[in-house]
Amino acid sequence: MTVRKNQAALTADEKRRFTGAVLELKRSGRYDAFVRTHNAFIMADTDTGARTGHRSPSFLPWHRRFLLDFERALQSVDPSVALPYWDWSTDRTVRAALWAPDFLGGTGRASDGRVMDGPFAAAAGEWPVSVRVDGRTFLRRSLGAGVRELPTRAEVESVLSIRTYDMPPYNSASDGFRNHLEGWRGVNLHNRVHVWVGGQMATGVSPNDPVFWLHHAFVDKLWAEWRRRHPDAGYVPTGGTPDVVDLDETMKPWNDVRPADLLDHTAFYTFDDE
Amino acid sequence: MPGPTRRRALSSAAALAAAAGAGTLLAPGARAATRPHEPEHRHGAPESFDEVYHGRRIQGRPATGSGHHHEHGGGYAVFVDGVPLHLMRNADGTWISVVTHYDPVPTPLAAARAAVDELRGAALLPFPAN
């Protein structure tokens, strides 16, 4: 069984195996298919039309399945690898080990945002940014520039305390747990982290930065924590909602999996603290 | 940008006015092309704009015709040096683009300027991404 660990607790060998598997997916061309899929959904999901991957109740199950696909791809390269998660409410500075050269590398240089160290730096020659929205082919970051502070644990707690999973109109204007976690409303958790990292992470092609997976693995963990706190509150809506994925409807692009199939993460993996 | 975060700065009418008045940031002749005020949010699409911002020509206009395919700009189209910028309107009337996707701003003009800031001179590629 896959155990997803806090990135801060990984051994040097675990970091090396994780980055090695990511680089191999990149080399084989499989990595960029994930970037392309994500951008297609982010450009197509709208508040007033069909919405699946973002700004909708299925934001959480969609990303859970998307991460499962990626984790299985990693494991096809190295079966020992699991997705780590980044608890940005704890490891909240540019000095976190996450950003060290033996893991993801650090922030970008001032002139053009180019990441200069670590395995994903353009100079290492193994991380061409191919699925992109502009002419730049190098990984960029501006840690803490777009917004100064990552969310605090108190802000995370305030969102976990929201009892209702989601609410009409089931989009970026909604009240409820999902939209507060996604960040279109309230203290802003998930969206703000994308902005804090900057570079490609702030764009529709955000999976170009490997930290995408660690960020979303923690968002996914927060969904699991919310379910534990509110065992009587379930996924909504549960039927008949235009443009929105109901509990028992299948999700694109897979078309064979429903939110109902993804509510219990322990069918697929566990976390290191449970 | 020094001082407050870009989100706060772009949310601030004062900051927008200051940016629009910062002639040193704009290419020669840009002032004449710059609207004196942000297009205001109203029930229909915002007004058109056409200006040079940090040396890049940014244009926005209500989209005519079907405008479907990959674009969901809420009936509004934005261009950076003639290349379409994928734009989206949020339910609360704020806007995002594909290059600043997680950081809503008040108007399409603010989204276009944020895109120019993010691009730092790089060419925008036509969407969908290659």
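**Notes on the chain A and chain B model**

1. Let's begin where the two chains meet. Between chain B and chain A, 14 residue pairs are in polar contact, counting pairs with both residues at pLDDT 80 or more. That cut-off matters here because this is a predicted model. On the chain B side, the elements that each supply at least two residues to the face touching chain A are helix H1 (6-11), strand E5 (87-89), strand E7 (100-105) and helix H4. E7(B) gives the most to that face, with 5 residues. By type, the chain B residues touching chain A split into 15 nonpolar, 9 polar and 6 charged.

2. How much area do chain B and chain A bury between them? The figure is about 2,700 Å², with 55% of it on carbon and sulfur atoms. As background, the size of an interface is often given as the accessible area lost when the parts come together. In residues, the contact takes 30 from chain B and 41 from chain A.

3. Salt bridges turn up across this interface too: the rule finds 2 between chain B and chain A. For a look at a pair in detail, go to A:Arg140 and B:Glu118, which form a salt bridge with their closest N and O atoms 2.9 Å apart.

4. Now to the sheets of chain B. One is an open sheet of 4 strands in the order E1-E2-E3-E4, with antiparallel pairing. Strand E1 (49-53) and strand E4 (83-85) of chain B are the edge strands, each with a single partner, so one side of each has no neighbour in the sheet. From one strand to the next, the twist averages 25°. If strand pairing is new to you: strands of a sheet pair through backbone hydrogen bonds, either parallel or antiparallel.

5. You can walk across that sheet strand by strand. E1(B) and E2(B) are joined by 5 bridges and run antiparallel; here B:Phe49 has B:Gly60 in E2(B) as its bridge partner. Their hairpin has 2 residues between the strands, and in this hairpin B:His54 takes a positive phi near 50°. Next, E2(B) pairs with E3(B) over 5 bridges, again in the antiparallel sense, and B:Gly60 has B:Val78 in E3(B) as its bridge partner. To finish, 3 bridges join strand E3 (residues 76-80) of chain B to E4(B), also antiparallel, with B:Val80 partnered by B:Val83 in E4(B).

6. There is also an open sheet of 3 strands in chain B, ordered E5-E6-E7 and paired antiparallel. Which strands stand at the edges? They are E5 and E7 of chain B, each with a single partner strand, so one side of each is left without a neighbour in the sheet. Direction ignored, neighbouring strands in this sheet are turned by 25° against each other on average. E5(B) is joined to strand E6 (residues 95-97) of chain B by 3 antiparallel bridges, and B:Arg89 stands opposite B:Trp95 in E6(B).

7. H4(B) lies across E1, strand E2 (56-62), E3 and E4 of chain B, running at about 25° to E1(B). H4(B) also lies across E5, E6 and E7 of chain B, this time at about 135° to E7(B).

8. Over all chains, the salt bridge count comes to 33. Within chain A, A:Arg229 forms one with A:Glu157, the closest N and O atoms being 2.8 Å apart. This pair links distant parts of the chain, 72 residues apart: A:Arg229 is in helix H7 (residues 211-229) of chain A, and A:Glu157 is in helix H4 (residues 153-160) of chain A.

9. Some backbone details in the loops of chain A are worth checking by eye. A:Pro168 and A:Pro169 are joined by a cis peptide bond with omega about 10°, and A:Pro169 is in the loop between H4 and helix H5 (177-182) of chain A. Another cis peptide bond runs from A:Val236 to A:Pro237, with omega near 5°. A:Pro237 is in the loop between H7 and helix H8 (259-262) of chain A. A:Asn255, in the loop between H7 and H8 of chain A, has a positive phi of about 65° although it is not a glycine.

Technical notes: Residues are numbered from 1 along each chain as its sequence is written. Chains are lettered from A and ligands numbered from 1 in the order in which they are written. This is a predicted model: local features need pLDDT of at least 70, side-chain atom pairs count only at pLDDT 80 or more; totals for chains, interfaces and linings use all residues. Side-chain values use heavy atoms; hydrogens and water are left out. Two strands pair if DSSP finds at least two bridges between them. Axes are lines fitted to C-alpha atoms, for helices over the stretch in contact, and angles run from 0 to 180 degrees between N-to-C directions. Contact means heavy atoms within 4.5 Å. Buried area is the accessible area (1.4 Å probe) that two parts lose on being put together, summed over both. A salt bridge is a side-chain nitrogen of Lys or Arg within 4 Å of a carboxyl oxygen of Asp or Glu. A polar contact is a pair of N or O atoms within 3.5 Å; within protein, one must be able to donate a hydrogen and the other to accept it, and residues adjacent in sequence count only if both atoms are side-chain atoms. Ala, Val, Leu, Ile, Met, Phe, Trp, Tyr, Cys and Pro count as nonpolar, Asp, Glu, Lys and Arg as charged, and the others, Gly among them, as polar.
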